[in-house]
Amino acid sequence: MPSVLTRSSSAAHPLWGQGLHVAGCGAAVGLACGWSALWPLALCALLIWAGRLRSVAQGGHQALLLTALGLCAWSLAGLGWAVIPVRPEAPWRPLLQLGLLALVLAHHLVCALPGWVAGRMLFRRAAAEAQVLLAWVLALASAEALRPLGWWGHGYGALATALIDAPGSQSLLPWLSSLGWATLCLSLCAGLNLLQPRAGWRPRSVRMGGWLLAGGLSGLGLWSGPDAQVVRPPTASANTVDSDTVTALALALGTNRDRAAPWTAADREAAMSRLLAAVVRLPAGGVLATSETYLPQSAPESPIGAWGDLLDAVATRQVDVLLGMPQWVSDGDAAPYPVNAVRHLAPTRQAVYGKARLVPLGEYLPDAPWGRPLARWLFASAQGERPAPADLQEPFFVAGHPVGVLICHELSLPDLVRTRAQASDWLLVAADDSWIGRADYLGQMRSLLRLRALETGRPILRAASGGPSLLALPDGHTQDTASGGRPALQPVQFQAPTTPGSPALRLGPWMAVLPLLPLLAGLWRAGASRPPSRRTPASPLPPLQEWPHADAS
């Protein structure tokens with residue numbers, strides 16, 4: 001029987017044609033990661049992808065090949081900007097960029113392999129179509145779960161970012177988390193393909209209707225743009241923040257400084273002047289948050305000059321400043337080394353948060369013999385940056401609330417965000433993305449921010465140097481505060497919750513497996529297991545006949 005959105009016979013399409021079709025489906029999912037308005041196209045692509053796998057379920061390893069092709073196209077479309085960190089002056093830069101893309105693809109495939117093997121082993125006696133679709137669901141869910149793990153891990157190009165605007169996301173994401181939401185959508189696509197023969201749907205009409213509906217909804221989403229999820233910030237009319245209403249005011253301040261240009265005294269004076277001007281604009285109890293490495297040099301040992309003026313302004317105005325700047329740390333008897341950090345300036349104290357997870361191959365490589373030659377190409381030194389020690393990863397206490405801090409790349413890691421959110425009332429993301437001007441990257445960061453706010457139930461403020469600085473609320477809406485390195489015209493205002501957070505944050509990541517249970521139960525109830533084979537009884541032998549000449553002997 002034909003499957004959903006596929007033709008009735010796989011013989012009508014050669015393998016290379018089906019491979020191109022599946023690669024297009026994977027590319028559609030990757031594009032939706034950067035432009036969330038394309039979620040109908042992503043869902044339609046997942047349905048077609050599952051249907052193509054079902055049509056070649058009897059073809060041995062063809063289903064595995066089509067799954068790999070779709071994942072590669074997904075990574076290329078959703079993570080094509082990953083080659084930007086390679087330095088322009090690096091030797092053999094095109095070769096390094098190709099190698100980096102190859103590592104991205106291999107990482108996605110390796111993380112999907114355990115799920116595929118588990119799906120093929122789980123229902124050995126199942127019908128071939130059910131077994132392949134279950135393996136496909138588990139493979140893609142396995143990739144979503146395993147890619148953020150390890151020093152080489154990341155969470156970019158996740159399926160949940162592509163489906164952040166799909167119906168039901170705002171209701172189910174707080175319960176299921178991003179992994180559970182992706183698994184639910186995959187299970188629905190597989191289930192529809194398994195139910196299609198029983199429902200008697202005509203595949204050609206369903207396919208055309210699905211494409212028209214997906215194209216119409218995607219066009220409507222692109223026409224409305226990201227402003228559909230934007231809530232304009234209210235005007236702050238009070239001069240002080242009422243602590244009884246647990247309301248915080250925040251002003252995000254970025255910078256458009258050229259990273260490759262040297263840091264001069266004039267640049268330092270200009271940056272400090274902007275900081276002082278922003279502090280003066282804040283009401284008492286307000287919070288000023290800057291982008292990552294707003295000041296590319298560490299704090300002086302004594303409060304002199306412009307640094308002393310900043311500390312005096314913080315104490316006089318009774319405000320808090322979360323300032324992105326490096327921090328020198330010591331590890332035993334070893335020489336001090338700088339870490340990427342955010343410094344908290346309060347009227348009576350200071351604290352530092354250091355970046356725990358660095359960008360693999362962009363900022364960090366293990367200090368090993370095999371990594372040092374590659375580090376010279378990527379970082380122009382024998383070693384990249386080093387993660388901060390554990391004692392510099394505690395939350396800040398800002399304006400009466402514990403605040404978790406994430407620096408740029410750390411926003412993509414769901415486990416790290418969950419850890420920070422469990423000990424905080426709201427989160428700050430300090431980012432330096434002025435060197436990545438691609439629209440798909442900036443759109444993916446917006447979707448990631450909304451995704452983390454939904455699955456944690458915490459407001460998240462992102463202070464960026466390139467893209468728009470914005471605030472994501474626990475209901476999935478955003479408030480733009482600044483854009484392109486310009487300070488906000490007015491602060492954003494939000495409630496810092498004192499609740500335990502979303503159900504997914506309280507109950508843990510095991511909630512993500514719940515969407516798989518109905519799929520497994522449906523496979524079992526539908527009789528996916530093959531009945532035991534019965535041998536066809538042989539036809540009975542004809543009765544013995546008497547030899548007609550028996551008496552002749």
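Modeller: Before we start, a residue counts as buried when its relative accessible area is under 20%, and please keep in mind that this is a predicted model.

Biologist: With that cut-off, are Trp81 and Tyr441 buried or exposed?

Modeller: The term applies to residues under 20% relative accessible area. Trp81 and Tyr441 both fall in that class, and the answer for each is buried.

Biologist: How many aromatic pairs does a search of the whole structure find, and which kind is the pair of Trp49 and Trp136?

Modeller: The search of the whole structure finds 4 aromatic pairs. For Trp49 and Trp136, the ring centres are 5.8 Å apart and the planes stand at 65 degrees. Planes over 60 degrees apart count as edge-to-face, and the pair of Trp49 and Trp136 is therefore edge-to-face.

Biologist: How many residues apart in sequence are the parts that this pair of Trp49 and Trp136 ties together?

Modeller: Trp49 belongs to helix α2, whereas Trp136 belongs to helix α5, which spans residues 128-146. Both Trp49 and Trp136 are buried.

Biologist: What kind of pair do the rings of Trp81 and Tyr441 form?

Modeller: The centres of these two rings lie 4.9 Å apart, and the planes of Trp81 and Tyr441 are at 70 degrees, so the pair is edge-to-face.

Biologist: Where in the chain do Trp81 and Tyr441 lie, and how many residues apart are they?

Modeller: Trp81 is in the loop between α3 (62-78) and α4 (93-122), while Tyr441 is in helix α13 (residues 439-456). The pair thus links distant parts of the chain, with a separation of 360 residues.

Biologist: How do α1 and α2 run relative to each other, roughly parallel or roughly antiparallel?

Modeller: Helix α1 (residues 15-34) packs against helix α2 (residues 39-55) at an angle of about 150 degrees, and their axes are 8 Å apart. Because an angle over 145 degrees counts as roughly antiparallel, α1 is, relative to α2, roughly antiparallel.

Biologist: What covers the buried residues of α12?

Modeller: The buried residues in helix α12 (residues 414-422) are Pro414, Leu416, Val417, Arg418, Arg420 and Ala421. Their cover includes the strands β7 (350-354), β9 (401-407) and β10 (426-431), together with the helices α13 and α14 (503-507).

Notes: Residues are numbered from 1 along each chain as its sequence is written. This is a predicted model: local features need pLDDT of at least 70, side-chain atom pairs count only at pLDDT 80 or more; totals for chains, interfaces and linings use all residues. Side-chain values use heavy atoms; hydrogens and water are left out. Axes are lines fitted to C-alpha atoms, for helices over the stretch in contact, and angles run from 0 to 180 degrees between N-to-C directions. Helices (H or I, at least four residues) and strands (E, at least two) are DSSP runs, numbered from the N terminus. Angles under 35 degrees count as roughly parallel, over 145 as roughly antiparallel, 65 to 115 as roughly perpendicular and the rest as oblique. Rings of Phe, Tyr and Trp (its six-membered ring) pair if their centres lie within 6.5 Å; planes under 30 degrees apart count as stacked, over 60 as edge-to-face and the rest as tilted. Buried means under 20% relative accessible area, exposed over 50%, partly exposed in between (1.4 Å probe, protein chains only). Contact means heavy atoms within 4.5 Å.
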